Amino acid sequence: MSDERPRPPRTALITGAAAGIGAAFAEALAREGCRLVLVDRNSERLQQIKDSLPAECETMTADLTAEGDLARVEARCREGLDLLVNSAGFGHPTGFLATPVEAEIAMARLHTEAVLRLTLAALPSMIERGRGGVVNVASVLGFFPSSTYSATKAWVINFSRAAAVKTLPDGVAVTALCPGFTRTEFHDSAGMNMTAIPRFLWMEADDVVSAALRDWRRRRSLSVPGWHYKAIVFLSRMLPQRLIDRVLAYASRKPLAVREGALRGAP
Ligand SMILES: NC(=O)c1ccc[n+]([C@@H]2O[C@H](COP(=O)([O-])OP(=O)(O)OC[C@H]3O[C@@H](n4cnc5c(N)ncnc54)[C@H](OP(=O)(O)O)[C@@H]3O)[C@@H](O)[C@H]2O)c1
């Protein structure tokens with residue numbers, strides 16, 4: 001096994017780079033002198049981000065739920081990267097029983113198929129060179145059975161940890177980033193009412209990203225930014241599953257704004 005820690009990445013591809021956590025990754029990596037490949041579905045916003053960054057940037061407008069677009073980005077990953085960040089994602093404002101199945105499938109494709117295909121496309125050249133890695137943005141909700149969203153994020157956590165186990169001996173680090181509530185456009189885009197979420201639970205995207213990059217460089221397969229979210233994840237592993245299920249069932253009946261989306265769709 002190589003003892004060397006991942007060096008500062010030289011070329012990084014970021015999905016969902018036009019907003020929120022993806023944009024914060026772009027800013028942090030640009031400051032480190034990385035060349036960037038910015039992927040998102042909104043070309044105007046991609047261009048704005050590109051113009052604002054002090055880095056060499058390539059942009060790819062792609063809807064990662066569309067086969068042709070995903071295949072194009074997959075091909076770019078195969079050309080060789082030092083870091084892949086899969087951040088593109090969204091949630092639904094309604095629970096899965098009230099959401100059209102096509103919308104559920106689109107979310108599942110973005111959170112699982114796109115993450116799987118881009119990771120598998122990027123890893124071989126990293127393994128060959130013995131360096132680099134992947135950060136897959138999951139969620140603290142991936143530790144709880146709360147929604148189809150949480151189910152897709154549980155897959156991201158499990159898959160990323162499996163990839164980390166396989167690639168660590170080759171000097172490649174894969175990290176599942178599990179943020180809690182983070183101030184981005186995520187909740188507004190999904191039409192979620194977040195007024196019931198206490199202020200102390202909110203994190204800034206920049207803080208989430210610096211914790212993620214630190215954990216990735218330490219070759220940790222899991223990154224949970226924030227002491228309160230670390231405590232929540234710890235409890236999710238210690239408490240009996242039945243108790244967690246009952247608490248979640250109770251919370252989903254409560255007439256709080258949380259019911260309008262917080263526990264179903266985010267973080
Ligand atoms: N914010 C939180 O509280 C939180 C907590 C835990 C985990 N997360 C996860 O963090 C990741 C980033 O979310 P964020 O908070 O940064 O949200 P955000 O501000 O809404 O950014 C997400 C970006 O992904 C893009 N995107 C969505 N669907 C796409 C598609 N099919 N193809 C390409 N790009 C697409 C969005 O574009 P459009 O604007 O065009 O939709 C947007 O630019 C997501 O995976 C999310 O699940 C967020």
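Which residue places a backbone N or O atom 2.8 Å from an oxygen atom of the ligand? In this predicted model, that residue is threonine 182. Local features here need pLDDT of at least 70, side-chain atom pairs count only at pLDDT 80 or more, and totals for chains, interfaces and linings use all residues. Residues are numbered from 1 along each chain as its sequence is written, and side-chain values use heavy atoms, with hydrogens and water left out.

The side chain of arginine 41 brings an N or O atom to 2.7 Å from a ligand oxygen, while glutamate 185 uses a backbone N or O atom, 3.3 Å from an oxygen of the ligand. On its own the ligand would expose 880 Å², and the protein buries 94% of that (Shrake-Rupley areas, 1.4 Å probe).

Around the ligand there are 29 residues, with Ile21, Asp40, Arg41, Tyr149 and Thr184 the closest; a residue is counted if one of its heavy atoms lies within 4 Å. By class, this shell holds 14 nonpolar, 10 polar and 5 charged residues, with Gly put among the polar ones.

As for location, the ligand sits in the largest pocket, meaning that more than half of its atoms lie within 2 Å of the pocket's grid points. A pocket is an open set of points on a 1 Å grid over the protein atoms alone, with protein on both sides within 12 Å along at least five of seven lines; lining residues have an atom within 4 Å of a point. The volume of this pocket is about 800 Å³ (the space filled by probe spheres set on the points). Of its 38 lining residues, Ser87, Ala88, Gly89, Phe90 and Phe186 are the closest to the centre.

Notes:
Polar contact = N/O pair within 3.5 Å; in protein donor to acceptor, adjacent residues only side chain to side chain. 1 Å grid on protein atoms, 1.4 Å probe; cavity = no way out; pocket = protein on both sides within 12 Å on 5 of 7 lines; lining within 4 Å.
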